Amino acid sequence: MSTNRYFPCAGARALHAPTRRDFLYSLGASLGSVAFSALLGNSAHAAEKPNPLAPRPGHLPAKAKNCIFLMMEGGPSHLDTFDPKPMLAKLHLQEFTREGKQKSAMESGKRYYVRSPFEFIKAGQSGADMATNWSHLAKVADDLCFYRGCQVDSVNHPTAMYQMNCGNRFGGDPGLGAWVNYGLGSLNQDLPGFIVLPEVSYPQGGTANWSNGYLPASFQGTPLRAKGSPILDLAPPAGVTPERQRQNLDLIAQLNATHAAQHPGFDELAARMDNYELAFRMQMQVPETLDLSKEDEKTKALYGIGQDATDSFGRKCLLARKLVEKGVRFVQLYNGTWDSHDYIERAHGNLVRGVDQPIAALISDLKQRGLLDSTLIVWCGEFGRTPDNGVRGGTAYGRDHNPNAMTMWLAGGGVKAGHTIGATNETGMTAVDKVHHVRDVHCTLLRILGLDDNKLTYYHAGRFKQLSQFGGQVIKELIA
Amino acid sequence: MTIATAVGAPAKLNYNEDIQPILAENCFSCHGPDSASRKGKLRLDRAEFATAKRDDRPAITPGNPKESAVVERILSTDPDEVMPPTDSHKQLKPGEIALLTRWIAEGAEYQPHWSLLAPRRPAVPAASAKFAGSVPNQIDAFVGAKLRSTGLRPNAVEAPARLLRRLTLDLTGLPPTPTELATFELDHSPAAYARTVDRLLTTAACAEHFARHWLDAVRYADTHGIHIDNYRTIWPYRDWVIGSFHRNLPFDQFTIEQIAGDLLPEPTLDQRVASGFNRCLPTTSEGGAIAAEYEAIYAKDRVDTLSTVWLGLTTGCAACHDHKFDAVSQRDFYALTAFFRNNTMPAMDGNVADTAPNLFIPAEEDRARWTRLQEEIIAARAALDSRDRAADPDFVQWLTTASVLAPPAGDRKLGSQLPLIAERPRAVPVSADSSGKTPSPSSEDILAVDGPYGPATLLNTTAFEVGPAISLLRGKAESFAFLIRIDGAPSGSLLACFEEGRKGPGWEILIENGKLGLHVADGKGRVDARGVATAALAPGSWHHVLLSFDAASMRSRTIEVFVDGKSVANSTVSAHLPVDIVPVAPLRLGSRQATPTHAATLLTGGNVWVQDLRLFHRGFLAGDIKPLADVVDTFAAWRSAPAQRTAAQKKLLRTHFLASVDGASLAYAKTLEQLLTEDDALRLRGGVTLVMEEKKDSEASANILIRGEYSQLGEKVAAATPSALPPLPASAPRNRLALAQWLVAPEHPLTARVTVNRVWQQFFGTGLVESSGDFGVTGSRPSHPQLLDWLAVELRESGWDYRKLVRLIVTSATYRQSAAVSADTFEKDPANRLLARGPRYRLDAEQLRDQVLAASGLLVTKVGGRPVRPYQPEGVWEDVAMKESTTRFYRQDAGDDLYRRSIYTLIKRTAPAPAMDILNAPSREVSCVRRDRTNTPLQALVTLNEPLFVEASRQLAARVLREAPPAFDRRLDAVSLRLLGRKFTRSERGVVKRLHDDALALYRREPKSAEKLLATGASLTDSTLPLPDLAAWTLVASQVMNTDESLTK
């Protein structure tokens, strides 16, 4: 659910909702209006409207044109994945008391350091630090650019999720995918330009994580439902074939066209006709796109489809590749929850097992299809985890939320692959080198996609708004 | 907004109309009220700061542009000097610069923000454009004057049928019937329209429709919202809103009763229900949530809602900092929150449906009886008490003479009871029981031990059928209780409706090595859950066992096993059953098999005695079970030597005597039971609702929260209204009642304006002020300021007569205009802000659903009551709900409740009904006074393919085949009249006929396809109608339903 009501300056989202005027332009001149232009007495309005989903150049030369965002909801532990801290083995179970801002709201302040239960290797030619259980990802280690300097503002899941996804921790702002489509348009007019593949349970913060915010609704993330029909009511009623449905739509189109001819100024009519056509094209194209059964067995095996541990995320990764192949600009995949407050060995062990092979497969599959260079892949959570835990003893070691240190990695087009940028201190509690607020990460991602955060603005509620909120800087070290 | 102001330069520039918009757009974000973002220590929003002396010269020197730094900076060509700064993306147009310069030359006179000046009734303009075909009222004079000044001509009146459709949809949310259309088209008298307006305004449908708009604003929903998002019972408040619109409660009273109904002197039941407005906010009960944080969140949410709905101000910005644009300081904001921080609502809602303070509301027709009944119940309880006080002699007498306990009398929820007293009592010494020896069932000595009510039945040898199968159905409650005693570690079936082998659907209370367990399965694999207690029953003593199944009330666990009143940890048994369990096997005791053979199916490993099996039609919580489970201790007390009995034991025995033995008490109890039975029935017809209650012993106050953080307490402030608005009367108490009365005080500049604007928006799609929730500096300016003020004063002076206001709007010639528009007019005024044409836009989500329900005849017009659950795709709740949520599994209703108006659909905040969501119904998480109105492909999929829309098409087709003359044209007329309010033209008919004939031919060839299409939806259709015809007409109806004309008003 959206929790923006907690927070000022975002709570009134509905009040500043885009008006219908915005939607007039939302799906202007597509195949539908061309097809019907003969029927329309006066199609001038429809034909001349700019289509906001039409592809357009960014502000700067793009290094990648699509983005696959792998969101590990809950906060993966950098200390147990990509940022080893030998120091923690020495400090293991040492007690200390945290004070002040570092003191989590959940805890009394009494803490114990916890060593990582995972072994680490230097992977690839670049020698990237990786826990040994990332055995598949290690094979593509040289394609990754690890970044250890990112910091966020919030220790709570929903607010941190909003900040990572929308730039604003209060929710109600457009998601990254909405901004990218707003800036670049869509490369496929038969599918939404921003597609989300959530878990069955939506992440903390709910649909506001992929909201269009104050941008027009055509930029909203379209979540494919994890169960049942991926898009509600996509299938025609039983007993109605696609041909029948086509004829039905033709009838509606003709009745609407007659009506439109009599009432040339009925502004929403043309847009509605377009939408019925897009709906029909989605009926035709979406099931095919989502049908993984036609993929060859080798590919499916590569992604771990069919194996219990990897089947679910493997399907999402393969689907992400297909969507990017079809020209969907921004695909966001959710996995989790990585919120391992206890039993981190078991919890993170299972989570890594679920995503390691699928993600490695996604990278190598994109590469062999020549798509990796034009696709930006992002892997991150909403924050990192602490080197310490409030519970002592047993196998129950876990870690709490940490806004001051995390590891994220980028891969694909424009990324400084084979490098690890930034560093955390010796316990991994906080970033100390190449430290940047998450807003700078956002500016960097936009830059790779050819967009300038300062130019990618939208006038709303009295000022020009932007993803970084008040401007940020590109982290040049991350870009090749 | 780009509406040209009046043509021709006014004598003198007006700050509010000409200058302020330019400054707000370009200057105030750095030189406005917000001190934090202010640059160069300069404020341009108030005269005293703008004209103050500065190092160089004042920013503005009235009367002297040359001596005004503002002008110089604006005109500067130096990129480091020019204002607004280049990096702000803002640039003044030459015309704007000219206006600013001229205003300074004319003396730079400032005014307060327009909406903070109380409206005064302006003179109705005399010169106005002419509206053809209808009698203009005052609204038209204002609209017409503006049209005249812009050169646009108003449209002629809309054609009668179309007008009636617009009016009926606008006033009731439903389409007109063909009869209403025919009557209206025939009645050419001038009064016909006004009569129709009056008729529609008094319908229940109208009240429902207006209420639905209001419920968006107050964010009404049926779940708590945050975290596990459990069910909440507050629908009587929703019904109060409907009732208030139905009786046209004046808007001032409507306001006062909602904000402070509980604080009115001797509030009526209705007024207390109305105070539930304050309880519509989302709440939490998450473990670990910090109360102080949520109290701050709740207070803010309430102020945001109040501000949006009545003040039209975005005060929320001031939670962290002084408002950047409006004259609302952080102190103002927290002083407003104070009004809402002095009540008894707990910060944690407890995840229960009826979080206190709450109130039971009897159904309207039960109210008199309910009040009397409560008195009678009190009297009956008093009679029981007085008998209790006098019962000692009889109790002592019984204690010395009785030989056995008596089973307690059943209460009104007891379904049936089986004493299970052995026929051949033969007591064995107590000490032998716990020896652990397994007696041989074939032994001639049938072991019988004393149970509380006599010799107990040994289950090992006496398995039998108790009665027919008992299903565990959603919406129902069943419980099973018995007393049990074991020796050894027995295993086997105790009480079950399950086939041997447990393959099919069924349930069972079982025992496994002395541990109680539960097994539930639906036989289809969706539910097959088994759980066994961690500890075995102590052998040799009696225990009370109870299986509670309760899917009737919204509880966190549906099915639970209790031993001696304590829940037994059955973690593998799902807390909620997503499906019904409908066993085939009858209810059996001691074995699952029809004719138990000793060897395989009976209990093994130890003896099991049972007694007093009871079946209840209710569920139990741990606390409810105690009186039943006490029998175990009572029996122990009974068997103790009288001299050894403790005081607690004596008390137990006395309680037992009164509840089960004493004739006088039993008689009183019977009377009480009868009254309670009646009370149950009344409670079922009424409902509990959440209300507001003020703390009596403290003053309303709040701390300023620094940067909006709950833990950063700043100065303490008393409840007060914002300083930029008129003050509260000095004599008024600082509480919600005073706040509410202040909102509707005659001098208040905002409430009336904001209200008439929202009503205007309801009919024209856009308010006179487009940003209907923001009348502040960054909000839109009114398109017709004088009309807004005239209507505001009119509303107030009419005694806040809401219905009169609506009547005024819908009888205006402006509203009655045709919606047709030429390309030229569209070019000049695409958004129809000048109102040279009638309103036309897509219907709201609820209207679309209700329209097809009405057209098809499916609509059930019952008003009010508990929320209903119509069709919804599978998994919508389940996929997002937390495991323990009472709204995890969506239990679709059956029959009439599938076809109620959409206002009655249960709203779960975290999982809105997808079809409604796609059509822009808000999730009710925050106040919404203006909906999105998108136009997306996903919407097309809903209205084309959603089962309800397909079912409605089928029913409309059936209706037409049944009722209309058989000719194609007549049938098509019947379809289009119900959906579009008109008959198709000849050419349109031709188009439809081709589709119809095609489809008919297809479905004649493929009757199976027809059957499939017609199988959508739960309602039945007349089986005598030919399937291919019905299918073809279903398609026709569906297509007409999907035309723009049908989706649009």
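Mentor: Happy to! Let's start at one pair: Cys145(A) stands opposite His419(A) in β16(A). A word on what you are looking at: this is a predicted model, where local features need pLDDT of at least 70, side-chain atom pairs count only at pLDDT 80 or more, and totals for chains, interfaces and linings use all residues. Residues are numbered from 1 along each chain as its sequence is written, while chains are lettered from A and ligands numbered from 1 in the order in which they are written.

Cys145(A) belongs to strand β6 of chain A, residues 144-147. Strands here are DSSP runs of E with at least two residues, and helices are runs of H or I with at least four, numbered from the N terminus. In β6(A), Leu144(A) and Phe146(A) point one way, Cys145(A) and Tyr147(A) point the other way, and all are buried.

Four bridges link β6(A) to β15(A), residues 408-412, in an antiparallel arrangement, and here Tyr147(A) faces Met408(A).

Zooming out, these strands are part of an open sheet of eight strands with mixed pairing, in the order β9-β8-β10-β1-β11-β15-β6-β16 of chain A. Its edge strands are β9 (222-223) and β16 of chain A, each of which pairs on one side only.

Further along the sheet, β1(A), residues 66-73, runs parallel to β10(A), residues 330-336, and seven bridges join them. Within that pairing, Phe69(A) has Gln332(A) in β10(A) as its bridge partner.

Finally, find helix α10 of chain A, residues 308-325, which lies across β1, β8 (194-197), β10 and β11 (375-380) of chain A. Contacts are counted when two C-beta atoms, placed from the backbone, lie within 7 Å. The helix runs at about 175° to β10(A); axes are lines fitted to C-alpha atoms, for helices over the stretch in contact, with angles from 0 to 180 degrees between N-to-C directions.

Technical notes. Buried ≥ 20, exposed ≤ 12 C-beta atoms within 10 Å, placed from the backbone. Pairing = 2+ DSSP bridges.
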